[in-house]
Amino acid sequence: MRIRTVIGTCVMLCLTGISRGALAQEVPGSPGPEDADRRALEEALGADRAAARPPAAMPPAAMQTASTTVAPTAAGGISLDLSFILDVAGAWYSQDPATIGGHDPNRTGFNFQGLELAIQSNVDPYFRFVGTMVFSQFGVEVEEAYGQTLSLPGGLQVRAGQMLTRFGRINGTHPHQWSFVDQPLVVGKFLGSEGSRGLGAELSWLTPLPWFLEVSASMTDAAGECCARSFLGGRDLGIHGIGDFLYTAAIRQFFPFGRDWSLLWGLSGQWGPNASGHGNRTEIYGTDLYLRYRPAGHPERMALSWTVEGFYRARQVPGTSLRDYGGYAQMVWQITRRWETGVRYEFVSGLPGDPLDPEWTDHRQRAAVQATFYPSHDSRIRLQGNGDWMAWRQKPVLGAILNLELAVGAHGAHTF
Amino acid sequence: MRATLVFLGMLSFLAPEGAVARLRVAATLPTLGAVVKEVGGDRVEVSVLASPEEDPHYVDPRPNLILVLNRADALVVNGLDLEVGWLPPLQAQARNGRIQTGAPGYLDASTLIPRLDVPTTPVDRAQGDIHPGGNPHYLFDARSLERVVRGVGEFLGRLDPEGAPEYGRRAETLAGSLEAFQREQAARIAALPVEKRRVVSYHRSFPYLYQWLGLEEVATIEPRPGIPPDPGHVARVLATMKATGARVIVQETWQPRNTSQTLARLVGGTVVVLPGGVDLSRGESLLDHLRQVAGGVIHALQH
């Protein structure tokens with residue numbers, strides 16, 4: 001009941017925000033209109049809106065003139081940020097690598113990791129559109145397609161559509177933003193081969209505190225083998241109540257230490273139903289830390305960054321509750337403009353009799369080392385070596401991956 | 001409810017002293033920040049996103065910049081895609097309609113100047129990091145800055161009509177001193193023989209500066225914009241320098257210096273390292289910065 005009230009309030013806030021956003025463009029430095037003036041202006045705007053409603057039967061000829069004269073000039077100069085990013089890899093593994101990420105090179109030989117089409121554009125002064133289509137060798141998949149508000153008051157922002165949830169640090173990003181060729185094991189095992197994503201809506205709030213503190217909450221589909229595997233996964237049981245959605249909440253805080261040091265810290269949680277039986281639920285909690293040293297103005301753009309993410313998961317299954325955990329830590333050193341290197345260590349626990357991963361009966365550890373060469377800003381060649389110790393196998397899996405990544409089109413912007 | 005009020009009360013301590021509602025303007029680059037500060041005077045509070053040491057193509061999009069944009073009434077950008085690699089996500093996350101592209105509080109300063117290096121054929125990335133709208137590095141040029149200063153004056157006047165006369169006056173004064181300065185410097189260069197007016201640049205950062213000062217760029221150390229130099233290209237640059245008599249290499253602080261210094265040593269010339277923008281933290285003014293830029297180049301050419 002309380003959840004329903006909260007959601008109702010959020011929806012109302014958003015709707016009033018959108019209608020007020022248009023009027024709230026005045027600048028505080030300039031004196032605002034007096035109350036009486038403001039009322040007169042609002043009435044006039046209301047009258048204009050009423051007058052602008054198209055008459056019921058507009059002559060078709062008039063409609064045509066309007067579209068032919070206005071549309072071409074308007075469309076001529078509009079820019080749409082479009083880019084294609086290709087990831088292909090050659091890999092060698094000493095035995096079956098049991099990879100779990102949807103874009104991981106998963107076999108010895110050549111691997112097509114994906115061709116991503118990224119589209120970004122402002123729709124109007126109120127919305128921005130973000131779309132990410134991924135072409136695999138045999139199909140297309142809409143990874144993300146959402147609208148994001150640009151001008152809600154009070155530091156609020158809504159995203160709605162198909163989107164990656166803001167659980168942790170790496171989940172909100174696409175493979176071309178990763179330092180390593182493959183996805184961390186814990187992300188694949190707990191969130192899904194494609195990470196945690198779904199259709200839904202998210203409200204986030206940038207608090208008025210003197211440092212960056214952002215709170216976000218989203219409500220998305222709890223089904224999807226690829227993208228909500230600890231929840232309903234491949235068994236879509238339908239929506240019978242407000243509790244059948246997947247809820248994600250996160251807090252992100254940023255602390256700059258001078259111009260050169262940065263620290264981003266996040267706490268996340270996910271709650272939703274799972275498919276193991278009626279009323280059974282899953283909870284996942286995570287924390288992520290990103291510490292970076294990047295001396296401003298370094299001629300080689302040197303940077304040293306350290307990322308740690310840790311997840312804890314609890315699932316109700318008939319007769320018991322399954323609890324497991326996992327995480328990774330990585331250090332990446334951008335040595336010069338053209339060279340980068342990094343190391344990563346991962347640990348994920350396993351449970352005998354886990355219905356999702358029956359083979360994964362014990363813990364698994366993986367270590368990776370990579371060296372990257374950037375011929376330019378729009379291409380990179382990575383060589384990565386993996387050592388994967390699965391406690392239930394006799395020998396570790398060794399792997400070597402050579403990846404080529406090429407980006408064409410609009411320059412994708414970097415996010416922190 | 002009471003808790004909320006107490007919380008808001010606590011926050012009010014964080015607001016700046018003397019709560020006269022000043023226009024809060026964010027500028028992407030330090031030189032633009034200096035223009036806004038000098039034209040806006042006391043009516044305006046300026047925040048700059050990039051530091052003067054940072055390459056404006058690769059500014060670190062740290063989340064504290066989102067806060068600046070969230071609280072700004074206006075945003076002044078360099079434009080011509082110089083900030084395309086870092087600004088759009090910050091703008092989108094700022095949750096502030098006033099500073100979005102196209103809003104009344106958004107000014108793209110490149111719309112105020114005549115642009116150079118505008119590609120006449122379709123842009124191909126094999127040409128390097130070409131800016132499709134033209135060369136974006138106009139902030140080294142006192143003549144472009146004259147126009148930017150006047151444009152910023154009008155922009156601030158539109159946002160804060162009460163201050164418009166003051167912005168207009170300040171902009172005219174500053175533009176006047178820029179004009180006197182640019183003529184004086186151009187005259188100093190015109191006194192030099194033609195063969196002394198040839199220079200080499202690291203990146204194609206200075207076509208506006210060279211046009212103002214009447215200098216000729218004979219080569220760039222980068223083979224194509226944004227592509228690091230290779231030995232073959234550097235050897236050609238050396239040959240060009242010997243053939244044309246160019247002895248001065250001009251670059252910005254964030255570019256690597258070893259190649260430039262080696263080339264300069266081989267021809268008995270000098271490397272001029274120009275500061276990327278006005279250093280507001282040290283109280284530098286726009287004219288101080290331009291004096292350093294033009295003075296540095298001219299001094300090297302004269303010796």
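Mentor: Let us begin with one pair of residues: B:Val250 stands opposite B:Val272, which belongs to strand 8 of chain B. Please bear in mind that this is a predicted model.

Trainee: How many bridges join strand 7 to strand 8 of chain B, and how do the two run?
Mentor: Five bridges join strand 7, residues 248-252, to strand 8 of chain B, and the two strands run parallel.

Trainee: What is the strand order in the open sheet of chain B?
Mentor: The sheet has four strands in the order 6-5-7-8, with parallel pairing. Its edge strands are strand 6 (216-220) and strand 8 (270-274) of chain B, each of which pairs on one side only. From one strand to the next, the twist averages 30°.

Trainee: Which strands does helix 8 of chain B touch?
Mentor: Helix 8, residues 231-244, packs on the sheet and touches strand 5 (198-201), strand 6 and strand 7 of chain B. Its direction makes about 150° with that of strand 6 of chain B.

Trainee: And where does helix 10 of chain B lie?
Mentor: Helix 10, residues 286-302, lies across strand 5, strand 7 and strand 8 of chain B, and runs at about 175° to strand 8 of chain B.

Trainee: Staying with helices, at what angle do helix 2 and helix 6 of chain B pack?
Mentor: Helix 2 (residues 30-40) and helix 6 (residues 164-190) of chain B pack at about 120°, with their axes 8 Å apart. Helix 2 of chain B is therefore oblique to helix 6 of chain B.

Trainee: Which residues meet there?
Mentor: From helix 2 of chain B, B:Glu38, B:Val39 and B:Gly40 meet B:Glu166, B:Tyr167, B:Arg170, B:Ala171 and B:Leu174 of helix 6 of chain B. By class, this contact has four nonpolar, one polar and three charged residues.

Trainee: A new topic: what is the phi of B:Arg95?
Mentor: The phi of B:Arg95 is near 55°, a positive value in a residue other than glycine. Most residues other than glycine have a negative phi. B:Arg95 is placed in the loop between helix 4 (87-93) and strand 4 (106-108) of chain B.

Trainee: Is B:Arg95 buried or exposed?
Mentor: B:Arg95 counts as buried, because its relative accessibility is 3%, under the 20% cut-off.

Trainee: Turning to chain A, how is it divided?
Mentor: Chain A is divided into domain 1 (2-52) and domain 2 (80-409). The centres of these two domains of chain A, taken over C-alpha atoms, are separated by 38 Å.

Methods. Residues are numbered from 1 along each chain as its sequence is written. Chains are lettered from A and ligands numbered from 1 in the order in which they are written. This is a predicted model: local features need pLDDT of at least 70, side-chain atom pairs count only at pLDDT 80 or more; totals for chains, interfaces and linings use all residues. Side-chain values use heavy atoms; hydrogens and water are left out. Two strands pair if DSSP finds at least two bridges between them. Axes are lines fitted to C-alpha atoms, for helices over the stretch in contact, and angles run from 0 to 180 degrees between N-to-C directions. Contact means heavy atoms within 4.5 Å. Domain bounds come from an automatic or database domain assignment. Buried means under 20% relative accessible area, exposed over 50%, partly exposed in between (1.4 Å probe, protein chains only). Angles under 35 degrees count as roughly parallel, over 145 as roughly antiparallel, 65 to 115 as roughly perpendicular and the rest as oblique. Ala, Val, Leu, Ile, Met, Phe, Trp, Tyr, Cys and Pro count as nonpolar, Asp, Glu, Lys and Arg as charged, and the others, Gly among them, as polar.
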